[in-house]
Amino acid sequence: MPKRIDFTRSLVLGLGGLIAFLGLWYGLSASGIVPPLFLPTPFEVLDRFIDLLDRRFAGATLPAHLAASFERFAYGFLLAAIVGIPLGLLMGWFRILDEIVSPIFDGLRFIAPIAWVPFAALWFGTGIGGPILIIFAGAFPPCVINAYRGAKFVDPRLIEAANMLGTPNRRVITEILLPASVPSIISGLRVSAGLGWQSLVGAELIVASTGVGYMMVQGQANLSTTTVMSGMIAIGLVGLALDTALRFAERLIERRRGMET
Amino acid sequence: MPRRLQIGGATILVLVILWYLSTTVFGLIAPGRFPSPQATIDALGHVLFRGYAGGTLIEHIFNSLRLVILGFLVAVATGVPLGLLMGWNRTAEALINPVFLIIRPIPPLAWIPLAILWLGLGDSAKILVIWFAAFVPSVINTYAGVRTIEKPVLEAAAMLGTPRLRFIREVLVPASSPMIFTGLRLSLQASWTTLVAAELVGAFYGLGRVLNVAQQDLYPGMILVGMIAVAILGWATTKALGKLEMRALSWNQAAALAGRG
């Protein structure tokens with residue numbers, strides 16, 4: 001049996017793990033076992049991160065790059081949600097639409113979002129249009145799949161009861177199907193935000209001329225490992241914030257529906 | 001023939017006809033934007049027999065597939081044991097989890113510039129990136145899988161004094177294998193996405209390289225061929241993993257039943 005360990009002990013162990021990790025990192029780079037060009041110390045990375053907050057690199061400061069990235073992400077993600085959720089719901093409710101769209105959707109799903117980069121650049125350029133298509137390609141499938149699941153797995157007894165009571169179709173949709181699908185839709189949004197954010201980073205590494213991804217590529221070209229690592233930290237922080245916000249929304253909705261476990 | 005297959009087949013047929021009509025017959029889509037069926041077949045012939053971007057299609061496929069499989073195996077060989085350890089041993093969990101929580105939000109693609117800085121454009125950089133990308137889903141799902149094991153099973157094993165190795169082989173791994181396989185599927189997907197992205201950023205061979213060169217040459221037919229190749233490979237490897245899962249889990253179910261009986 002795994003033994004329970006108390007809170008202080010796990011805190012101490014956790015801190016120990018972190019310190020060991022950072023210590024190993026620091027030791028490797030400060031002792032010169034790994035050249036500092038390849039692995040700067042954690043402090044140098046932190047310095048650079050703070051430095052980038054108001055110093056321009058690759059045309060903008062880190063916050064400005066982040067803002068550019070986030071704008072693209074927001075457009076791509078919203079577009080995926082606006083198109084994907086209704087499509088998924090309709091596929092779940094109307095069998096014929098499901099049968100028509102599914103083969104196309106299944107075929108497209110196996111194309112890695114990042115493989116859209118060449119067409120994205122060809123069709124919409126490398127400014128904001130191209131990256132948006134790639135984010136869309138990453139964020140779209142989870143929106144559709146989860147809305148579909150939400151609509152498909154509504155308790156049939158609810159619909160039967162509504163039908164028996166002579167509820168008009170429109171009200172069945174707004175009062176039974178839609179509310180019942182919301183939790184699944186929200187968790188779909190969380191997955192798709194993660195995938196969209198990741199696709200954005202990929203798109204910016206390859207085609208963009210602003211954004212955190214672009215900053216990292218420039219850092220790489222200038223052999224500035226600290227800049228690359230600062231970019232990774234910034235991307236991780238924003239991704240974490242997005243995930244936390246959507247997780248919070250998920251909880252809130254579950255709680256309002258009394259589905260708390 | 002089942003209705004689903006009929007409608008699906010008809011949909012795809014209609015799409016192909018529409019594709020042909022809009023590109024070749026009516027010229028609604030400019031050939032510089034999206035290739036006609038003929039141009040796509042020509043591009044396929046080109047890369048298949050004469051070679052493109054430094055090799056024939058078979059060579060590119062072989063190279064990409066090799067890297068994905070290598071990176072995936074390294075990730076699984078390290079990720080699954082770590083997940084088992086974290087799920088089983090509370091001390092290890094408390095020690096490793098915080099470090100993991102820090103690294104986890106960094107999207108796999110964000111490691112690409114760092115990998116290029118460290119290892120250049122060759123195979124080792126690709127394997128490193130795939131490892132990082134595929135490692136996280138393997139660990140998380142294995143960890144979650146161990147946590148789903150019911151307490152009585154663990155207690156029974158402990159009570160009977162099962163030796164540690166036998167316990168791992170006959171209780172821990174089989175009981176968490178459904179979740180482990182979920183992790184492997186996600187890892188495989190991440191491997192493909194990351195490899196294609198890494199090859200798009202910089203490579204000497206591979207399908208991402210084909211996409212990249214085709215983009216620079218403004219060669220839509222070749223872009224489409226590259227995307228289809230990526231999709232087919234992703235689909236085929238996922239199917240192969242599914243087959244493996246069926247075999248592994250059918251044994252697991254039988255074992256579980258025998259154990260229960």
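**Before the first selection**

This is a predicted model, in which local features need pLDDT of at least 70 and side-chain atom pairs count only at pLDDT 80 or more, while totals for chains, interfaces and linings use all residues. Residues are numbered from 1 along each chain as its sequence is written, and chains are lettered from A and ligands numbered from 1 in the order in which they are written.

**Stop 1: chain A as a whole**

The chain averages 86, and 97% of its residues score at least 70.

Next, switch to a cartoon view. Chain A contains ten helices and zero strands; both are DSSP runs numbered from the N terminus, helices being H or I with at least four residues and strands E with at least two.

Of the 261 residues, 38% count as buried. A residue is buried if 20 or more other C-beta atoms lie within 10 Å of its own, exposed if 12 or fewer, and partly exposed in between, with C-beta atoms placed from the backbone.

**Stop 2: the domains**

Colour residues 1-38 and 40-256 of chain A separately: these are domain 1 and domain 2 in the domain assignment. Such bounds come from an automatic or database domain assignment. The C-alpha centres of the two domains of chain A lie 33 Å apart. Their contact takes eight residues from domain 1 of chain A and five residues from domain 2 of chain A; two residues are in contact if their C-beta atoms, placed from the backbone, lie within 7 Å. The side of domain 1 of chain A that touches domain 2 has seven nonpolar, one polar and no charged residues. In these classes, Ala, Val, Leu, Ile, Met, Phe, Trp, Tyr, Cys and Pro count as nonpolar, Asp, Glu, Lys and Arg as charged, and the others, Gly among them, as polar.

Now do likewise in chain B, where domain 1 covers 1-30 and domain 2 covers 33-260. The centres of these two domains, taken over C-alpha atoms, are separated by 33 Å. Six residues of domain 1 of chain B are in contact with five residues of domain 2 of chain B.

**Stop 3: between the chains**

Show both chains together. Here 49 residues of chain A are in contact with 48 residues of chain B. Helix H1 (7-30), helix H8 (169-206) and helix H10 (225-256) of chain A are among the elements that give two or more residues to the chain A side. That side divides into 33 nonpolar, 13 polar and three charged residues.

**Stop 4: the largest nonpolar core**

Which residues have the most contacts inside the largest nonpolar core? Select A:Val117, B:Ile112, B:Val129, B:Ile130 and B:Val196; the core has 126 residues. A nonpolar core is a set of buried Ala, Val, Leu, Ile, Met, Phe, Trp, Tyr and Cys residues joined through C-beta atoms within 7 Å.

Centre on B:Val129. Leaving aside neighbours within four places in sequence, B:Val129 is in contact with B:Trp111, B:Ile112, B:Ala115, B:Thr194 and B:Ala198.

**Stop 5: two loops of chain B**

Go to B:Ala53, in the loop between helix H2 (37-50) and helix H3 (57-88) of chain B. Its phi is near 55°, a positive value in a residue other than glycine. Is B:Ala53 buried or exposed? B:Ala53 is buried, with 25 other C-beta atoms within 10 Å.

Then select H9 of chain B, where eight of the ten residues are buried, B:Leu207 and B:Val210 among them. In the loop between helix H9 (207-216) and helix H10 (220-260) of chain B lies B:Leu218. B:Leu218 is not a glycine, yet has a positive phi of about 50°. With 12 C-beta neighbours inside 10 Å, B:Leu218 counts as exposed.

**Stop 6: a distance to draw**

Finally, select B:Trp88 in helix H3 of chain B. B:Trp88 is buried, with 20 other C-beta atoms within 10 Å. Draw a C-alpha to C-alpha line from B:Trp88 to B:Asp217: the two are 53 Å apart in space and 129 residues apart in sequence.

Definitions and conventions. pLDDT = per-residue confidence, 0-100.
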